[in-house]
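Here is a short report for a first look at this structure. Please keep the sequence and the 3D view open while reading.

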Amino acid sequence: MRKLLRYLRGYVRETILAPLFKMLEASFELIVPLVTAQIIDVGIRQQNAPFVWKMGGVMVALGAVGLACSLTAQYYAAKAAMGFSTALRRELFAHINGLSYRELDEIGTPTLITRITSDVNQAQTGVNLVLRLFLRSPFIVVGALVMSFTIDVPVALIFLVAVPLISLVIYLIMRWTVPIYRNVQKMLDGISRLTRENFVGARVVRAFGRQEEEISDFAQANGEFTQVQMAAGKISALLNPVTYVIMNLAIVAILWVGGRQVDAGRLTQGEVTALVNYMTQILLALLALANLIVAVTKATASGARLSEVFAITASLQDEAGQEILSDFTSSRVTFRDVCFSYAHSSSPALEGITFSAEKGQVIGIIGGTGSGKSTLVNLIPRFYDADSGAVEVDGHPVKDYPLQQLRRKIGVVPQRAVLFRGTIRENMRWGKEDASEEEIWRALDVAQAREFVKKKEEKLETMVTQGGKNLSGGQRQRLTIARALARKPEILILDDSASALDYATDAALRHALREYSRENGRDATVFLVSQRAASIKQADKILVLDEGRLAGVGTHRELLENCPVYKEICLSQLSEKEVTAT
C-alpha cells in the first residue's frame, strides 16, 4: 500500500489539512467536559442562570466551530481520497492496456476487473479514513488521559487501567478478524469469474438448460463468501459489548472513587461528570480506531493486490525509436524458423515455421483445431513475441517497428467478432478516425455488409448495443471485417472471421477481398485463416499446420499432390470432384 501513496502527490495540501482540522475539532471536543463541569459547579450549584446561559452559548460555539472543522476535514479527506483513486485507477488501466496477451492470459479477466473496481474502492476508503481518524483518535485518547490527570490523579489511575484493557480487547479482536478480511477480496475474484462466465455465456447456459447448475454454483461460492463475512462479523460483534462493559465498569469505578473524593471535598460534582465524559470520549475514539484498523487492513490487502498488477512487466516491450522506412524490395511478411510457446505450456504452439508472403498475395492458413493457426497470425502484429526465430514485415523484424507504426500497417479481424456500443459509423472509424462516408461504404460493400446496413432505418447512425448483441453473428462478423478494411491496411488478417457466413456470402467476400487488395495498386497481403477448405483453395499460397508445424506450403493443386494432411482435410469436407475442381 505504501508504494501506492505516490498517487497522493497532487493532493499534499489536502493530506495535511484534513488531519489538522480533525485535530482542531478534537481539541474543541476535549474542552466541552470542562465547560460542562463549570455549568454544574458554578451555574447550577450557585443557581446562576446568566452563567448557565453564557456557558451554554460557549458550548454551542464550540460545537459550531467543531462542526465547521469536521466538515472542512471531511471535504479535504474526500477530495484527496477521490483524487488518489482516480489517479490510481487511470494508471492501473493504462498499465493493464500496456500488458501483452501473454500477461493478460496469465492473470485472467475476472481478477483484473475485481482489482480495478473493488480493490481500488477499498484503497480509496482506507485513505479517506486514515486522513480523518489516524491522528484524531490517538489525540483524543492521549488528550483525555492528560485532562483527567489535571482534574484528579487518583481517579485518573482508573483510566490507566481501563484504556489498556479496552485496547487489548480491540487488539485481540482485530488479530482474529484481520486474516479473515484479507481472504475476502480473494473470494471476490471467484464470484467475479462465475458472474462473468455466466453473463458472457448466457446463451450457451440456456441452450444446455444449465441455469439451475449455474445458480447452484454461484449460490455455493456466494454462500462461502457469506460464511467468511459472517465469521468475521461474529467476532467483530464482540467488540462493542466487551468494550462497553469495561467502560461501564470504569465509569462505576470513577463514580465510586469520585463520590468519595467529593465527600472529602477534593473533587466537585462537575469534575466527576467531566471525568465520566472523558472516559466516554476515550471509548468512542478507540472504537473509531478499531474501525480504522479494519478499513486499513482491507485497504492494505487491496493495495498489495494492486501492487501485484503493477509489478507485472510486459514481456512485449515497445523499445523501437523512430519510425522506419519499409524495404519495398523484400517480401511483405517473412517467418524465419519461428518457435513460440504459451506460458506454462508443456509443448510449443509453433515450431520451426518458415515461409514468406509477397505483396498482393492471398495466404490461406488451414489446419486442425489447436494446430497454431491463430497463434501464427498473432505474431505478425506483435500480440505475442516469438521465443526464437524472426518475424519480418517489409524486410524489417517486427521488434524494430514502433508498435503504433506496425499496427497501422495491419488490419486484424479476430475469431470472436467484437463491436462496441455506439453507431455503426463510430465502429467503422475505430480503424481510421477520419474515414470518409465513401470509404466506409466501400469497406461495407467489400465485407458484404452494405445490403443489411442500408435496410436499417438509420443506416450508419444505427446504434450497436454492447458487444453487438442486437445484430446476428454473420452481421457482426461482416461489420468487423469492414472495420478492418476501412483503415486500408497493407496487411489484412482474417482469423476465421467468416465462420458465421453462408457459403455464397463467403465466396462473394473472398472474391471482393481479392479485388480490393489490388485496388488502386494497393497490393495488400491477405492472411485468410479458415477451417473450410473451400474458403482457402483459391489462395495464392496455402500454409497447412499440423500440431504447430508446417505440414505443407503451396497452392491447392501442389498440396493435393504432396501434402497428405491437406488432402485429408479437403476430402473430409468436399467431394472428390469439388477437391479437384479449380
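How many residues of β9 are buried?

## The covered strand

β9 is mostly covered, with 5 of its 5 residues buried. Buried means under 20% relative accessible area, exposed means over 50%, and partly exposed lies in between, with a 1.4 Å probe and protein chains only. Ile491, Ile493 and Asp495 point one way from β9. Leu492 and Leu494 point the other way.

This is a predicted model, where local features need pLDDT of at least 70, side-chain atom pairs count only at pLDDT 80 or more, and totals for chains, interfaces and linings use all residues. Residues are numbered from 1 along each chain as its sequence is written, and side-chain values use heavy atoms, leaving out hydrogens and water.

## The whole protein

The protein holds 21 helices and 12 strands. Both are DSSP runs numbered from the N terminus: helices are H or I with at least four residues, strands are E with at least two. Of the 582 residues, 48% are buried.

The C-alpha atoms fill a box of roughly 120 × 45 × 45 Å along the principal axes. The radius of gyration is 36 Å, while a compact globule of 582 residues would have one near 25 Å. That radius is taken over C-alpha atoms, and the globule rule is 2.2 Å times the number of residues to the power 0.38. Among contacts with a separation of 6 or more, 76% come from residues 24 or more positions apart. Contact means heavy atoms within 4.5 Å.

## The open sheet

β9 belongs to an open sheet of 6 strands, in the order β6-β9-β10-β3-β11-β12. The pairing is mixed. Two strands pair if DSSP finds at least two bridges between them. Strands of a sheet pair through backbone hydrogen bonds, either parallel or antiparallel. The edge strands are β6 (410–413) and β12 (549–554), and each pairs on one side only. From one strand to the next, the twist averages 15 degrees.

β6 and β9 run parallel and are joined by 4 bridges. Here Val412 stands opposite Ile493. β9 also runs parallel to β10 (residues 525–529), with 5 bridges between them. There Asp495 stands opposite Val529. β11 (residues 541–546) runs antiparallel to β12, again through 5 bridges. Leu543 has Val553 of β12 as its bridge partner.

## A helix on the sheet

Helix α16 (residues 473–486) packs on the sheet and touches β6 and β9 (491–495). Its direction makes about 175 degrees with that of β6. Axes are lines fitted to C-alpha atoms, for helices over the stretch in contact, and angles run from 0 to 180 degrees between N-to-C directions.

Thr480 sits in helix α16. Thr480 counts as buried because its relative accessibility is 2%. Beyond its neighbours within four places in sequence, Thr480 is in contact with Val413, Ala417, Val418 and Leu419. A polar atom of the Thr480 side chain lies 2.7 Å from the backbone oxygen of Gln477.

## Cysteines

How many disulfides are there? The count is 0, where a disulfide is a pair of cysteine sulfur atoms within 2.5 Å. Cys339 is in no disulfide, and the nearest cysteine sulfur, that of Cys563, is 19 Å away. Cys563 is in no disulfide either; its nearest cysteine sulfur belongs to Cys570, 9.1 Å away. Cys563 counts as buried, at 2% relative accessibility.

Note on methods
A polar contact is a pair of N or O atoms within 3.5 Å; within protein, one must be able to donate a hydrogen and the other to accept it, and residues adjacent in sequence count only if both atoms are side-chain atoms.
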